[in-house]
Amino acid sequence: MKILVPVKRVVDYNVKVRVKSDGTGVETAGVKMSMNPFDEIGVEEAVRLKEKGVASEIIAVSLGLPACAETIRTALAMGADRGILVETDVDLQPLAVAKLLAAIAAKEQPGLIILGKQAIDDDMSATGPMLAALLGWPQGTFASKVTVEDGKLLVTREVDGGLESVSLNLPAIITTDLRLNEPRYASLPNIMKARKKPIETVKPADLGVDPAPRLTVVSVAEPPKRQAGVKVGSVAELVSKLKNEAKVI
Amino acid sequence: MMFELAEEHRMLKDLVAKFVDQELIPLEPAALARETRGEKMGLSHDEEARLHAKCKELGLWGLDVPEQFGGANLPAVALMAVNEELGRTCIPFFFPPDSPNLHMLMAACNEDQKQRYMLPYASGDKKSAIAISEPGAGGDPSGMTTRAVKDGDEWVINGRKIWVSRVPQVDFTIVMARVGEGKRHEGITAFLVDKGTPGFIIEREIPMIGGQRTYELVFDNLRLPDAQVLGTIGQGFAPMQLRLTVRRLQMGAWCTGMAVRALDMMISQAKQRTTFGVKLSDRQAVQWWIADAATRIHACRLMVLHAAAKQDSGGDVRTEASMVKLVATELAQDVIDHAMQTFGAMGMTRELPLQMMMQKVRTMRIYEGPSEVHRMVIARRLIDGRK
Ligand SMILES: Cc1cc2nc3c(=O)[nH]c(=O)nc-3n(C[C@H](O)[C@H](O)[C@H](O)COP(=O)(O)OP(=O)(O)OC[C@H]3O[C@@H](n4cnc5c(N)ncnc54)[C@H](O)[C@@H]3O)c2cc1C
């Protein structure tokens, strides 16, 4: 079974994101970029399935600017076998990504696609479910445990208030949650091996997909700064302030 | 001209950064507490064994060892990226083997010595020290007076060395001694001395700042067969110089990393601490420390990478190595000092790594040649090169 693992290049989780001064987006120039942490978990899960003999080949896919090849290279160093870069300078939105991935899935015929439950840049949490809908495949989102038994995929999902177990027919879609696994370090020998692994570059047009944005970003703003609180001297003062200033009681 | 690390070297740097953050920095509080109690600050045998196992698993081993000897054969630029990351912690740790003696052994070993010393050293199975400095000749090692005299098939060494690091933990020491009546570089010869060789006496242990220890050695009719001469008799200065150059570049990278850590700590503290109703990060005095630190770190990193790239392409980098060693140690010293100042009394505690980094960098302005000696060397090359 082939596993397809989409990996997104995002602003590193350690960087404090800054909004561009013209409000059109967040600043990415000169900022450290890394693989979306949920996608790292996806690569790790795929590598573990390969180590268990469940998977035969892992294909890492990234979509966007040529620099996304670096994110693919990281996946290759973790253990993916080859990469596909869908190169475009169009601002890719979840539906476009899902359509492009669906086109790659039609070509590669993977038994499983493992995505992150969300990307830490825009937190849309949309690509996985959209891809499942486009392909008509079952999906196990927010996965915290994955096992393959008798050609079925057992997925434990983290839902509000507990865990839900679902059994899916293959091919299927998984989106990863934080607790699914702890991604490994890419070792030096594997970093060196990754240099020789192939990355194929394709354009959206080659896949017959128009990636043009369907949504318009009106403006991007930082969350409003919270006003400093005040210390009250007594309960009476608190009650009076709640009544007369905050007007909540 | 490219000023960026290759992709795989950037990935290696990320790997080492993770290793430092997750494996080494967490060991700092315990190591600093040990040092405060007057115990050895270095890692325990168990800690080191655990880290070494992890390093082997990650392939962080033999980084600059040639492939035919089982290493990763990385160029100096990649080693600089690795050492910058290692510099961010005050935990004394490196990925075996330590580079300087490796390069000296590779340059000078004959076939038999390759088997007996270089290969076990390259694989990390044997450790080594080097004894150059003497009570009367430190910054100017060509004034050394330890002598080796031929007696039949053997060499007999008499003399004294001082400030030699690591001696009791190592399997062999490279001892520099003079053969014949020559002056300055003339006659300087390297010898391989196994641990426990009669006449090789560890006179005393000298506690140093920075959690370090050095040793004074006495050679009392230390007898060695011809097979222990490393390289050509009388031509020991050049391979020793190569070794010093490797260490100086490495120190440039370490110091860059030390400054990076100190700057990082300085910024977090400045953003957090309010005095007189104003955040320290809003004070120009602190902002200038931050700006100057970042600017000098950038300059120093480029100097280190340039020298390493030049060395990788076969260039002579002795002058650059002097410049790098000088700039980097003084940079780290200043940035750590400003970070300590930003932390106020907290910066004076023995619980923070800053004071340990400060002690270390203080010793680094002396060993591998004091700053003043490097300034002299740089100036001399410039002055002598003028018609
Ligand atoms: C922690 C540590 C570890 C060490 N490990 C080793 C080791 O493993 N093996 C080894 O062989 N040695 C080792 N050394 C010794 C080290 O290399 C010498 O201490 C160093 O070279 C300086 O020599 P010195 O101490 O004799 O100082 P000196 O040469 O006496 O110099 C003292 C001071 O005089 C001034 N000075 C000297 N020359 C000049 C000049 N030309 N112009 C202007 N000013 C000058 C400088 O300010 C200098 O700091 C170590 C030292 C330390 C501190």
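Domain bounds here come from an automatic or database domain assignment.

**Entry 1: ground rules.** I am working with a predicted model, where local features need pLDDT of at least 70, side-chain atom pairs count only at pLDDT 80 or more, and totals for chains, interfaces and linings use all residues. Residues are numbered from 1 along each chain as its sequence is written, while chains are lettered from A and ligands numbered from 1 in the order in which they are written.

**Entry 2: domains of chain B.** The assignment gives domain 1 (7-122), domain 2 (128-230) and domain 3 (238-384). I then took domains 1 and 3 of chain B: their C-alpha centres lie 20 Å apart. Their contact takes 21 residues from domain 1 and 28 residues from domain 3. Contact means that the C-beta atoms of two residues, placed from the backbone, lie within 7 Å. On the domain 1 side, helices H2 (28-36), H4 (76-86) and H5 (99-108) of chain B each give two or more residues. Helices (H or I, at least four residues) and strands (E, at least two) are DSSP runs, numbered from the N terminus. I sorted that side by residue type: 11 nonpolar, six polar and four charged. Nonpolar covers Ala, Val, Leu, Ile, Met, Phe, Trp, Tyr, Cys and Pro; charged covers Asp, Glu, Lys and Arg; the others, Gly among them, are polar.

**Entry 3: the ligand.** Which domains of chain B give residues to the shell around the ligand? Domain 2 (128-230) and domain 3 (238-384) both do, so the ligand lies between them. I found 22 residues around the ligand, and B:Ile132, B:Gly138, B:Gly139, B:Pro370 and B:Glu372 come nearest. A residue is near if its C-beta atom, placed from the backbone, lies within 6 Å. Strand E1 (128-131), strand E3 (154-165) and helix H11 (371-384) of chain B each supply at least two shell residues. The shell divides into 12 nonpolar, eight polar and two charged residues.

**Entry 4: chain A against chain B.** I counted 12 residues from chain A and 11 residues from chain B in this contact. On chain A, helices H2 (68-78) and H5 (188-196) give two or more residues. H5(A) has the largest share, five residues. The chain A side holds seven nonpolar, two polar and three charged residues.

**Entry 5: strand E7 of chain A.** Strands pair if DSSP finds at least two bridges between them. E7 (residues 139-149) runs parallel to E10 (residues 172-176) of chain A, with three bridges. A:Gly140 stands opposite A:Ile174 in E10(A). Six bridges join E7(A) to E8 (residues 152-159) of chain A, antiparallel. There A:Val146 has A:Val155 as bridge partner. E7(A) and E8(A) form a hairpin with two residues between them, and A:Asp150 in the turn has a positive phi of about 45°.
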